Amino acid sequence: MPMSPKVFHSRPTSRFRRLSPSVFSLACLIFGITGVLFGVFSVTRPSGECPDAKPRSVSVVWDRSGAGGGGLNDVGASKRHKVMAFVGIQTGFGSVGRRKAIRQTWLSSDRQGLLRLEEASGLAFRFVIGKTEDKSKMAALQKEVNVYDDFMLIDIEEEYSNLPHKTLAFFKTAFALYDSDFYVKADDDIYLRPDRLSLLLAKERPHTRTYLGCMKNGPVVTDPNMKWYEPLSHLFGEIYFLHAYGPIYALSADVVSSLVALRNDSFRIFSNEDVTIGSWMLAMNVNHENNHALCASDCSSSSIAVWDIPRCSGLCNPEVKMLELHKKEICSGASTFSDE
């Protein structure tokens, strides 16, 4: 770092004291110009902080009593961040091993890696989790947040029975934070290829209201409290409708904006979140886009999401299986991103 003229005159060295007056004056002039230029450069150049130095994890408050997208506080963003798609990896307090396996395989474990992935793919990834009254679990989660900084924390109780509410809260929160073409719900027990997911979501579509997933015909009713259904089931058998498997599906921005505008009690909530969202998609008359690359039972040259369909609702023993898959060239190799 060059010294300023003031420092030079106040602490001269014996070497410079032996210089002639003219040489000494010239040296002072050179150092003076250098100091001025350095000062101008220091003021005008961008901040030395990393472009993603701002914390990437975010805590939000979810108000289930309000209408529309209200009740989202402490989002930590003055404007919506623009990405092609936001991917919320749904996780829980018992899924530390799953998150570790994901960070060791298809998702980076450091913020610079996440930033490079976002820049290359147009996809932003966060682990989505609720809260618990167990203080030790919350403390452990906070430590993980501090280390990896890749979470979206929602102020909703983290329970299996709350999954439909959590999923709705996720979509509303993601919409408030991110200006995206698609919002993707993914589980933490699948092996995902972000590069191929990016290519799928980037395709031009004639429909702006799109519900994208691996579709199945599932029963409408999974809620035992719906007594009105029992006589119908005796008469007609199970009533089925088309909806996406739960481990991963995507909703276009127009669809999510409609969800945000809904009151939370507008539509019936079933016990299964994939059935709940699927039934709402029928009510909204959206376009169903079926893609079986999102429910591949093994890696292939076109698979996007791999899980043990139909044996498990994700990968069976995901902490082990994810690492095993990642070692296979067919699973992890030949990325479309040159910097991976």
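Glu273 and Lys185 form a salt bridge, with their closest N and O atoms 2.7 Å apart. A salt bridge here is a side-chain nitrogen of Lys or Arg within 4 Å of a carboxyl oxygen of Asp or Glu. Glu273 lies in helix α11 and Lys185 in strand β7, so the pair ties together parts that are 88 residues apart in sequence. Helices (H or I, at least four residues) and strands (E, at least two) are DSSP runs, numbered from the N terminus. The model is predicted: local features need pLDDT of at least 70, side-chain atom pairs count only at pLDDT 80 or more, and totals for chains, interfaces and linings use all residues. Residues are numbered from 1 along each chain as its sequence is written, and side-chain values use heavy atoms, with hydrogens and water left out.

Glu273 counts as buried, at 9% relative accessibility. Lys185 also counts as buried, at 2%. Buried means under 20% relative accessible area, exposed means over 50%, and partly exposed lies in between (1.4 Å probe, protein chains only). Lys185 has another salt-bridge partner, Asp187, and here the closest N and O atoms are 2.8 Å apart. Both Asp187 and Lys185 are buried. Side chains of opposite charge can pair when their charged atoms come close.

Lys185 also takes part in strand pairing. Its bridge partner in β10 is Tyr249. Strands β7 and β10 run antiparallel and are joined by five bridges. Two strands pair if DSSP finds at least two bridges between them. Strand β10 spans residues 240-252 and is mostly covered, with 10 of its 13 residues buried.

Helix α11 also holds Asp274. Asp274 counts as buried, at 11% relative accessibility. Leaving aside neighbours within four places in sequence, Asp274 is in contact with Tyr211, Lys216, His243, Ala244 and Gly246. Contact means heavy atoms within 4.5 Å.

From α10, Val255, Ser258 and Leu259 meet Trp280, Met281 and Met284 of α11. By class, this contact has five nonpolar residues, one polar residue and no charged ones. Ala, Val, Leu, Ile, Met, Phe, Trp, Tyr, Cys and Pro count as nonpolar, Asp, Glu, Lys and Arg as charged, and the others, Gly among them, as polar.

Across the model, the count comes to 17 salt bridges. One of them joins the side chains of Asp181 and Lys82, at 3.7 Å from N to O. Asp181 lies in the loop between β6 (178-179) and β7 (182-187), and Lys82 in strand β2 (residues 81-82), so this pair ties together parts that are 99 residues apart in sequence. Asp181 is partly exposed, with a relative accessible area of 40%.

Some backbone details stand out. Most residues other than glycine have a negative phi, and most peptide bonds are trans. A cis peptide bond joins Ile309 and Pro310, with omega about 0 degrees. Pro310 sits in the loop between β12 (305-306) and α12 (318-326). Asn317 is placed in the loop between β12 and α12. Its phi is positive, near 55 degrees, in a residue other than glycine. Asn317 counts as partly exposed, at 47% relative accessibility. Asn285 is not a glycine, yet has a positive phi of about 55 degrees. Asn285 belongs to the loop between α11 and β11 (287-290). At 67% relative accessibility, Asn285 counts as exposed.

The protein chain as a whole has 13 helices and 12 strands. Of its 340 residues, 44% count as buried. Among contacts with a separation of 6 or more, 76% are between residues 24 or more positions apart.
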